[in-house]
Amino acid sequence: MRDPTIHHPSSMSNAMRIIEAVAALGLGVTAKEIATALHMPPATAYRTLNSLVGEEYLVRTSDLRGFGLGKRLGGLIAAVTTASISTAALRRLAELRDCVRFAVHVTAFSSGSVRVLDADPDHPLRAERELVRYLHASAAGKLLLAHRTEWRELLPRTPLVKLTPHTITDLAALQDELKTIRNNNFSTQIEELASQLACVAVPLVDANGDTTGALCISGPSTRAEALLSHVAAIREYAETLSPLIF
């Protein structure tokens, strides 16, 4: 018999907590990670996850190991958010994409996480799952961390995941990297997120001057120097794009 003095989460409560966890932890989060983060019995987590997938509130990733937000949440999200990419912004992005000949993506920072606002239609976004989950490994993620005073609170309490041999997982080294990013006002990742992939990200700011997103260009790591040569150009585009997006 249940003790009436102790709160027992309902099935609905568990479902909402899991949806929130998937949104916070990012695309590809596993059932084990969800159960651990929520201090939820694994059996309860697995049962609720299966139900949410069946109802299309969540989806399984292509490798069947993780989960992401499902299409039925699209209407709910649309009801409380407004479109972020205007026609004018899309035109400017098209100009930049024609200019640099690299993949150009726009990300936004929300509640200490990275989400993709506009992916280059001609260059598929590589390592999206890792991009939204591992702030310490991506150019956009490091840019977010660099502009947050309490950046350590945005990282997991567990050791940082080493996605490649080049991923920074030492907190002291990461702190030095973030200081460099603040000084340079742009960030890079060269084979830290995925092998043979490089990226440069510059800030997108809101009306208050706060960094609320990133304009990113990416390409093969063998072209890292060419990517860096475009920093000045993408900064100029970022200045005109920021008020059109945020």
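**View 1. Thr211 in strand E7 of the predicted model.** Thr211 counts as buried because its relative accessibility is 7%, where buried means under 20% relative accessible area and exposed over 50%, with partly exposed in between (1.4 Å probe, protein chains only). The residue belongs to strand E7; strands (E, at least two residues) and helices (H or I, at least four) are DSSP runs, numbered from the N terminus. Leaving aside residues up to four places away in sequence, Thr211 touches Phe109, His147, Arg148, Pro203, Leu204 and Val205, a contact being heavy atoms within 4.5 Å. This is a predicted model, in which local features need pLDDT of at least 70 and side-chain atom pairs count only at pLDDT 80 or more, while totals for chains, interfaces and linings use all residues. Residues are numbered from 1 along each chain as its sequence is written, and side-chain values use heavy atoms, without hydrogens and water.

**View 2. Phe109 and the largest nonpolar core.** A nonpolar core is a set of buried Ala, Val, Leu, Ile, Met, Phe, Trp, Tyr and Cys residues joined through side-chain atoms within 4.5 Å. The largest one has 27 residues, and those with the most contacts inside it include Phe109, Ala140, Leu145 and Ala214. Two or more residues each come from helix H7 (139-146), helix H8 (171-184), strand E6 (197-205) and strand E7 (211-220). The most are given by H7, with 6 residues. Among the residues that Phe109 touches, not counting those up to four places away in sequence, are Val114, Leu143, Leu144 and Thr211. A second, separate core of 26 residues includes Val100, Ala108, Ala224 and Ile234.

View 3. The buried residues of H8 are Leu174, Glu177, Leu178 and Ile181. They lie on the same side of H8, because they cover an arc of only 100° around the axis, the arc being that of the directions from the helix axis to the C-beta atoms. These buried residues pack against H7 and strand E5 (187-190). Exposed Asp176 and Asn183 are carried on the face of H8 turned away from its buried side.

**View 4. The ends of helix H8.** At the start of H8, a side-chain oxygen of Asp170 reaches to within 3.2 Å of the backbone nitrogen of Ala172. Just after H8, Asn185 takes a positive phi of about 60°.

How values were computed. A polar contact is a pair of N or O atoms within 3.5 Å; within protein, one must be able to donate a hydrogen and the other to accept it, and residues adjacent in sequence count only if both atoms are side-chain atoms.
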